[in-house]
Amino acid sequence: MGGHQRTLADGRVITGREAALFVRETLVEDLQHLPRDVSADPGGEAQTKAIAAIKRAHDRIRRELNDESEHPLNQRVGAVATVCVVCENGKRLLTAQVGDTRGYLVSGGELLQLCYDEDNIQYLVDQGQLSEDDGATLSEILNSYDGINEPKLSGTVQIGGNPYELYIAWRWFLVGNTVLKIPAANIVIRTLGVYDDEPTPQVSRIELSEGDRLYLCSDGAYKNLTDAEMLTHILEADDPAQAIGSAAYARSQSTENRRSTQDDITAVLVEL
């Protein structure tokens, strides 16, 4: 959900929750009748309809909640979404994503992220200021950082063509760096309904195996817990989603946690 809000003349407050409800309603309307054997191929029905539904949700938020983008950016509400479609009678999974929610496939005891994060790291990669390899290195560091025990790092990364020591540079992708134009980690780079431009969702597809599970979560989960911690809860807890939510909330309350976020915490696990 977007972090901005706006107070109406009658005193009601519109927030990202209303935008998220628009997204949910639109996705259910547009995708609930897809056939079980729908194709996951590029340009196929699953991809076409998932992207169309995301774009319709974007347009609804922009028109009905943000009054055709009439309001200043800091008063517009928005939402993010990760949409997964089980295709071809359970043989493949298609995922379309806009924003900073995450979808993972839990397969063979591993946690496989289905789309890359549209975060400050990817923003610099898209701007040509950071290589994909250095971006992957920084993402791996942040995904394994618990917010308390700082990683021991060596080496450098190139940002804007200049080398920086990794043990210093990784912190900028938490708190931001105005000189290097690195947004802080809590800034959502892409959202539905906020900007006039139509979103371009990421799309991925992956083969499914017996026993695979789908794990969906908000940034309130993965920014408070490492990938390894979430995977442990998924594999060992009686109620993995509840365990992840409780652990993420507890971590978010720690005054020692430099990575903590008070954002919404959502965790959903689906047996495929």
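This is a predicted model: local features need pLDDT of at least 70, side-chain atom pairs count only at pLDDT 80 or more; totals for chains, interfaces and linings use all residues.
Residues are numbered from 1 along each chain as its sequence is written, and side-chain values use heavy atoms, with hydrogens and water left out.

**View A. Stacked pair of tyrosine 104 and tyrosine 215.** The two rings lie 5.6 Å centre to centre, with 20 degrees between the planes. Rings of Phe, Tyr and Trp (its six-membered ring) pair if their centres lie within 6.5 Å; planes under 30 degrees apart count as stacked, over 60 as edge-to-face and the rest as tilted. Tyrosine 104 belongs to strand S5 (residues 102–107) and tyrosine 215 to strand S10 (residues 213–217), so that this pair, 111 residues apart, links distant parts of the chain. Helices (H or I, at least four residues) and strands (E, at least two) are DSSP runs, numbered from the N terminus. Tyrosine 104 is buried at a relative accessible area of 0%, and tyrosine 215 counts as buried at 1%. Buried means under 20% relative accessible area, exposed over 50%, and partly exposed in between (1.4 Å probe, protein chains only).

**View B. Edge-to-face pair of tyrosine 145 and tryptophan 170.** The ring centres are 4.9 Å apart and the planes stand at 80 degrees, which is why the pair is edge-to-face. Tyrosine 145 is in the loop between helix H4 (132–143) and strand S7 (156–159), whereas tryptophan 170 is in helix H5 (residues 166–175), 25 residues apart. Both tyrosine 145 and tryptophan 170 are buried.

**View C. The open sheet S3-S4-S9.** Three strands pair in the antiparallel sense in this order; two strands pair if DSSP finds at least two bridges between them. Strand S3 (81–87) and strand S9 (202–207) are the edge strands, each pairing on one side only. From one strand to the next, the twist averages 15 degrees. Six bridges join S4 and S9, and alanine 96 has valine 203 in S9 as its bridge partner. Helix H2 (residues 45–65) packs on the sheet and touches S3, S4 and S9, its direction making about 25 degrees with that of S4. Axes are lines fitted to C-alpha atoms, for helices over the stretch in contact, and angles run from 0 to 180 degrees between N-to-C directions.

View D. Glutamine 97 counts as buried, at 1% relative accessibility. A polar atom of its side chain lies 3.3 Å from the backbone oxygen of glycine 99, and the backbone oxygen of tyrosine 116 likewise lies 3.3 Å from a polar atom of that side chain. Not counting residues up to four places away in sequence, glutamine 97 touches residues including Ala81, Arg102, Cys115 and Gln202; contact means heavy atoms within 4.5 Å.

**View E. Arginine charges over aromatic rings.** The charged end of arginine 60 sits over the ring of phenylalanine 22, 4.3 Å from the ring centre. The charged end of arginine 102 sits over the ring of tyrosine 222, 3.7 Å from its centre. A charge sits over a ring if NZ of Lys or CZ of Arg is within 6 Å of the ring centre and within 35 degrees of the ring normal.

Definitions and conventions: A polar contact is a pair of N or O atoms within 3.5 Å; within protein, one must be able to donate a hydrogen and the other to accept it, and residues adjacent in sequence count only if both atoms are side-chain atoms.
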